[in-house]
Amino acid sequence: ALPGPCGSRSSAPWGKCMIIDFQNLFRPTYEARSAAAWGVSLVSMTGIALSSDISTSAFLWMGAGSAGMLLWRGSQAKRIWDFKANLAGKPFTFLKAEVVRKNIPKFGDNLWLGWGFRWEPSHTQQATEIMKRDLAAVYPPKWFLKARGLKGSQLDPKNAKGLQWIHGLAEESDMLMPLSAMQGHTAVLATTGAIKTTLYSLLVYQLALRGYTIVILDPKGDHDLKEIARNAGTLSGRPEKVLTFHPAFPSESVRIDTLKNWDRETQVASRISSLIPSDGDESFRSFVWMQVNHVAQAQIYTGTRPSWSSLLDSIQNLNGAQKLLEKALRKFFTLNVSLWESQVAPLVSKYNKPGERKSSDMDGASAELRAYVEFFETAVPEREQPRQIKGLISTVRSNREWFAKMMVLLLPLLTKLTAGELEGLLSPDYDDIDDPRPIFDTKKIVEGGYIFYAGLDSLSDPEVGSAIAAAILSDLQAVAGERYNYDKNVKEKPRVIVLLDEWGDLMCEPVIQELNKGRGAGLDFIACGQTFSDLADKLGSEVKAKRMIGNFNNLIAGATQDADTQELIAEKIGETFIKKVSRSHGRNSKTEDHGIEFGGSVSETVSEEATELFPITLMSKLPDLHYMAVWNRGTVIKGRIPKLVL
């Protein structure tokens with residue numbers, strides 16, 4: 001701790017004495033001069049005692065007094081020197097990952113987030129006073145720093161990146177974030193190159209060591225983040241648990257079935273419709289949900305696995321839906337109607353006549369399908385007609401042009417997820433024995449404790465990257481719902497960490513639902529972004545973005561230049577009160593009173609002023625790998641992290 005009120009090491013609230021003492025920390029260290037004088041006194045008395053017949057008792061009393069004053073003044077000088085040396089900051093630190101691994105038992109049920117200290121109102125007062133001064137008055141001279149044994153950037157803090165003195169306001173110690181706090185979800189905000197990638201490395205490595213399932217969605221496909229996932233698996237002894245996905249490198253990717261997990265047939269339609277952007281008119285979404293539900297249920301009835309590819313084939317135009325309906329009717333007749341082919345044959349002949357073909361309400365349908373539908377509706381009692389087939393019949397009877405207009409919101413999404421190599425990656429063929437790439441889904445990833453990295457290649461194709469992320473997150477949402485509903489032991493199982501890099505590319509309806517309800521299913525989110533505006537743009541309004549931010553109980557913020565982001569961070573950190581000293585003096589002259597021609601006045605006023613607990617203008621001046629954090633809803637931390645190396 002730094003010197004507290006009246007020279008103590010307390011962190012008690014600031015009073016008048018603390019303000020004066022703090023201001024005096026930037027003056028010359030008079031205590032050192034006093035200590036030197038008492039040292040000279042002690043040496044002089046020792047010399048006199050040795051060279052004269054002075055009384056031993058007198059020497060002991062005077063020597064003890066001089067030694068006591070030397071120690072007292074020396075300790076005061078040391079505290080001031082320590083404070084000034086601390087203001088030079090800390091050097092950029094490299095740390096071997098093995099050191100973190102060995103200390104995991106020591107950390108207990110906590111994540112280690114480097115070194116730092118709890119930011120208190122006393123630090124706000126100190127920072128406010130320092131901000132009034134030029135840096136030349138804040139940082140000690142170079143000779144002093146050399147004498148203290150400092151090296152590198154610490155010898156020239158004025159020209160270092162960021163303000164080094166921010167981290168020097170207190171002695172640092174290990175910063176431990178409770179794992180239980182992670183269940184409240186964590187937001188990470190920082191400008192490019194400030195802290196995010198290094199923080200990912202520190203977090204992912206520790207979570208992997210604890211056996212957590214980790215899902216990393218990276219819009220850019222950052223090679224560093226991919227290596228972080230691989231290294232975490234290797235160093236935690238689970239290299240076989242690392243899975244990678246990247247549309248630009250399909251041969252190196254696993255295949256992932258993002259429509260596999262559902263426990264009710266309607267969930268397929270609900271999941272897909274949730275991925276369609278809303279324009280405020282929910283009638284389109286409702287229509288899409290109904291049509292997708294009809295197709296999906298018919299596919300399930302016929303034994304076809306719903307996939308992005310099969311849904312596109314059936315929905316892209318009515319021809320696909322007609323083929324699916326014909327297949328479903330054949331299966332129904334085979335299972336439930338004896339000699340159905342002979343009974344349908346006359347109807348087929350009838351519809352092969354040109355006149356009959358024009359009178360049908362199923363534009364473009366084959367004679368066989370028309371005959372099947374008529375036979376189904378006339379020969380099969382209504383109570384025995386499967387709803388899967390009845391729903392698809394209503395779809396097939398839609399006007400072709402009207403159907404195309406109503407499905408205009410869905411088709412782009414399905415096309416994005418089935419274009420080129422993506423068809424094989426996201427709609428895997430389980431029967432293709434020639435494809436060696438393993439097939440996974442999010443349930444298998446979660447239950448297997450895998451470390452799954454998905455590079456989405458959004459830099460090359462942002463639309464497709466966002467669609468892939470939404471597909472993976474929607475499948476994860478279904479798995480979370482299943483765990484919440486049916487897994488009674490979910491609280492005893494390792495939690496699932498979902499790391500979202502660049503939230504401006506990844507935020508979608510499944511994320512909102514998982515943030516709101518995922519805690520009970522064992523899902524913890526770490527969502528990262530550069531600015532608050534990125535989130536507002538993605539969600540369409542600042543109100544929605546602030547509501548989203550409200551789901552994050554924890555915040556880790558590195559250096560950021562954006563004013564709106566700084567304001568958001570200030571709101572999370574909160575406010576405090578600082579002492580403010582106002583001094584005034586005046587003089588006057590008067591002629592009416594003889595003998596009292598001049599007068600003067602001096603006054604000093606101490607008042608309290610509300611301000612941010614952490615001066616928000618300092619957020620843009622944090623050095624790289626330094627952060628301000630809020631966790632457990634109230635613990636405010638100033639910290640720094642190391643660069644992990646193998």
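Helices (H or I, at least four residues) and strands (E, at least two) are DSSP runs, numbered from the N terminus. Counted that way, the protein chain has 27 helices and 17 strands. The model is a predicted one, so to speak of local features takes a pLDDT of at least 70, side-chain atom pairs count only at pLDDT 80 or more, and totals for chains, interfaces and linings use all residues. Residues are numbered from 1 along each chain as its sequence is written, and side-chain values use heavy atoms, with hydrogens and water left out.

Now for the chain as a whole. Of its 646 residues, 51% count as buried, where buried means under 20% relative accessible area, exposed means over 50%, and partly exposed is in between (1.4 Å probe, protein chains only). The accessible surface comes to about 30200 Å², and 53% of that belongs to carbon and sulfur atoms. These areas come from the Shrake-Rupley method with a 1.4 Å probe; for residues, only the protein chains shown count as cover. As for contacts (heavy atoms within 4.5 Å), take those with a separation of 6 or more: residues 24 or more positions apart account for 78% of them.

Next come the helix pairs. Axes here are lines fitted to C-alpha atoms, for helices over the stretch in contact, and angles run from 0 to 180 degrees between N-to-C directions. Angles under 35 degrees count as roughly parallel, over 145 as roughly antiparallel, 65 to 115 as roughly perpendicular, and the rest as oblique. A crossing is left-handed if the near helix is turned anticlockwise from the far one by less than a right angle, and right-handed if clockwise.

Helix α10 (residues 266–274) packs against helix α11 (residues 282–302) at an angle of about 140°, and their axes are 8 Å apart. That makes α10 and α11 oblique to each other, and their crossing is right-handed. On the α10 side, the residues that meet α11 are Thr266, Val268, Ala269, Ser270, Ile272, Ser273 and Ser274, while α11 brings in Arg285, Trp289, Val292, Asn293, Ala296 and Gln297. Sorted by class, this contact has 6 nonpolar, 6 polar and 1 charged. For that sorting, Ala, Val, Leu, Ile, Met, Phe, Trp, Tyr, Cys and Pro count as nonpolar, Asp, Glu, Lys and Arg as charged, and the others, Gly among them, as polar.

Helix α11 also has a partner in helix α12 (residues 308–315): their axes come within 10 Å and cross at roughly 115°. This crossing is right-handed. Val292, Val295 and Gln299 of α11 meet Ser310, Leu311, Ser314 and Ile315 of α12. The contact is made up of 4 nonpolar, 3 polar and no charged residues.

With α13 and helix α17 (residues 387–396), the axes come within 10 Å and cross at roughly 150°, so the two helices are roughly antiparallel to each other. Here the crossing is left-handed. From α13 the contact takes Leu318, Ala321, Gln322, Leu324, Leu325, Ala328, Leu329 and Phe332, and from α17 it takes Ile389, Leu392, Ile393, Thr395 and Val396. By class that gives 11 nonpolar, 2 polar and no charged residues.

Glutamine 322 sits in helix α13 (residues 318–336) and is buried, at a relative accessible area of 5%. Apart from neighbours within four places in sequence, glutamine 322 is in contact with Asp363, Gly364, Ala365, Leu369, Val396 and Arg400. Leucine 515, in helix α24 (residues 509–517), is buried as well, with 4% relative accessibility. Leaving out residues up to four places away in sequence, leucine 515 touches His185, Phe525, Met548, Asn551 and Phe552. Leucine 71, in helix α3 (residues 56–86), is exposed, with a relative accessible area of 63%.

Last, the backbone. Most residues other than glycine have a negative phi. Glutamate 502, in the loop between β10 (496–500) and α23 (503–506), has a positive phi near 60° and is buried at 12% relative accessible area. Leucine 625, in the loop between β14 (598–612) and β15 (626–631), has a positive phi near 70° and is buried at 6%.
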